[in-house]
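Me: I would like to go through this protein with you, beginning with the whole chain and then moving to single residues. Please have a look.

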Amino acid sequence: MTRFTPTTSAEVLDVVRWAAGEGEPIEIVGQGSKQGIGRPVQTEHVLDCSGLSGVTLYEPEELVLSARAGTPVAEIETLLSERNQEFAFEPMDYGPLLGGEPGRGTIGGLLSANLAGPRRLKAGAARDHILGINAVSGRGEAFKAGGRVVKNVTGYDLSKAMAGAWGTLAVLTDVTFKVLPRSETETTLVLRGLTEEQAVAAMAVATGSSAEVSAAAHLPETVTGKVLDGALSGRASTLLRVEGFGPSVVYRSEMLKHLFSMLAIDTIDESASRRLWRQVRDVAPFADGSARPVWRVSMAPSDGHRMVMALRMQAAVDAFYDWQGGLVWLRMEGESEAAALRGLIRRHGGGHATLVRASLAERAAVPVFEPQPAALAALSARLKAEFDPKGILNPGRMAAAHAVAGAALEATGG
């Protein structure tokens, strides 16, 4: 196996041009923290972008940061915290869930996976904060989109096209993101002992109130003891986070306590609250060092818990909820149960399911990402054909090669 380790954008361009000219597929990696997500990529060549590292521009007053694609997110977050700033979308760290070390994800991988965290409902995901990119397409052509200022919208959609593409359209070399001030403080209220149905209703009331809840999650009894060193063990925990200036946080927290005065409520202070939401963000309850299948399911908040209840009748599964119930994390105790899960999702309002963790054999046999409807698959195939006509970038990672080929034929009327 050949491992290319470029340290400049020009060297990346040379590698991709060679691969395109020879028709040689290559796997694109940064630090490899998310390499276990997606179908196994079968290539003889790896393009390791971890050498493309370093912040190239940071203007705190303009709320803009640019970095080379292989720069560790942890390094950037440390820099931002020194100026009391952050990525408002709270990008999760997949490392521990996949059996790796924390803090190894790169800024390019952050965009390629379109990461988001508990603040997703208010702040969106990576694609909503990207300002510009420099990249190399599968044609071996360097291009850029967007810019380094918040008001620049030229090519903005092209930058967004890279979000969630998992390295199948282009190799990112440089990215520019919008950053925002970090909240002065935060508090988390814990409603204890609610059922999943009651929790979803309570979270809807809280997020719909004027308390400006920035995150809402529910940890059933089987999960709640696996955060904060077991401090929440005993009863199910429904988590409501309030952020901002100190007096405002106190006022809005009291508003929520009054709103749910009939329930048992615990309060978690700033330090523990920040730690708690990092654990929710990074799926700490299921980061158990095993290879048991873990699914990430996105559904309407009112539908997710009903789907989980039905799934429990068919398979051994543990679950918890983020995004007011709209993001469901599932850990299967046995096989991945892909067909059963996706069938239940369709019957309960629809949504998307991604197999985040599984054995190599399961990842090769099961559609890891949600299969696209024919029209959308054809559109994706056309986009792939424009950026990577020879299919050399991360081939087969998002879908089996025959599925991509079939969508391409349909798109061209073949």
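Reply: What follows treats the overall fold and the confidence of the model, and then several individual residues.

Me: What is the mean pLDDT, and how many of the residues reach 70 or more?

Reply: This is a predicted model. The mean pLDDT of the protein is 93, and 94% of its residues reach 70 or more.

Me: Now the fold. How many helices and strands are there?

Reply: The protein contains 14 helices and 18 strands.

Me: What radius of gyration does the protein have, and what would a compact globule have?

Reply: The protein has a radius of gyration of 22 Å. That agrees with expectation, because a compact globule of 414 residues would have a value near 22 Å. Along the principal axes, the C-alpha atoms fill a box of roughly 70 × 55 × 35 Å.

Me: What share of the residues counts as buried?

Reply: Of the 414 residues, 53% count as buried. The accessible surface comes to about 17,400 Å², and carbon and sulfur atoms account for 53% of that surface.

Me: And the contacts: what percentage join residues at least 24 apart?

Reply: Taking contacts between residues at least 6 apart in sequence, 74% join residues at least 24 apart.

Me: On to residues. Where is Val-249, and which residues does it touch?

Reply: Val-249 belongs to helix α8, which covers residues 246-259. Leaving aside residues up to four places away in sequence, Val-249 touches Thr-185, Glu-186, Thr-187, Val-242, Glu-243 and Gly-244.

Me: Is Val-249 buried or exposed?

Reply: Val-249 is buried, because its relative accessible area is 2% and the cut-off for buried is under 20%.

Me: What does Ser-209 touch?

Reply: Ser-209 touches Leu-256 and Leu-259, again without residues up to four places away in sequence. Ser-209 is placed in the loop between α6 (196-207) and β12 (213-219). Its C-alpha atom is 9.2 Å from that of Met-255, at 46 residues apart in sequence. With a relative accessibility of 22%, Ser-209 counts as partly exposed.

Me: Turning to Gln-324, which loop holds it, and what does it touch?

Reply: Gln-324 lies in the loop between β16 (317-322) and β17 (327-332). Beyond residues up to four places away in sequence, Gln-324 touches Leu-121, Met-203, Ala-204, Thr-207, Ala-216 and Pro-301. Between Gln-324 and Leu-239, 85 residues apart along the chain, the C-alpha separation is 9.4 Å.

Me: Why does Gln-324 count as buried?

Reply: Gln-324 counts as buried because its relative accessibility is 16%, and the class takes in values under 20%.

Me: What about backbone angles: what is the phi of Asn-114, and of Val-283?

Reply: Asn-114 has a positive phi of about 50°, although it is not a glycine. Val-283, also not a glycine, has a positive phi of about 55°.

Me: Where do Asn-114 and Val-283 lie?

Reply: Asn-114 is in the loop between α3 (107-112) and α4 (120-123), and Val-283 is in the loop between α9 (270-281) and β15 (294-299). Asn-114 counts as partly exposed at 21% relative accessibility, whereas Val-283 is buried at 0% relative accessible area.

Me: Last one: is Gly-99 buried or exposed?

Reply: Gly-99 counts as exposed, because its relative accessibility is 61% and the cut-off for exposed is over 50%. Gly-99 has its place in the loop between β6 (85-86) and α3. The C-alpha atoms of Gly-99 and Ser-33 are 9.1 Å apart in space, and the two residues are 66 apart in sequence.

Methods:
Residues are numbered from 1 along each chain as its sequence is written. This is a predicted model: local features need pLDDT of at least 70, side-chain atom pairs count only at pLDDT 80 or more; totals for chains, interfaces and linings use all residues. Side-chain values use heavy atoms; hydrogens and water are left out. Helices (H or I, at least four residues) and strands (E, at least two) are DSSP runs, numbered from the N terminus. The radius of gyration is taken over C-alpha atoms; the globule rule is 2.2 Å times the number of residues to the power 0.38. Buried means under 20% relative accessible area, exposed over 50%, partly exposed in between (1.4 Å probe, protein chains only). Contact means heavy atoms within 4.5 Å. Accessible areas come from the Shrake-Rupley method with a 1.4 Å probe; for residues, only the protein chains shown count as cover. pLDDT is the predictor's confidence in each residue, from 0 to 100.
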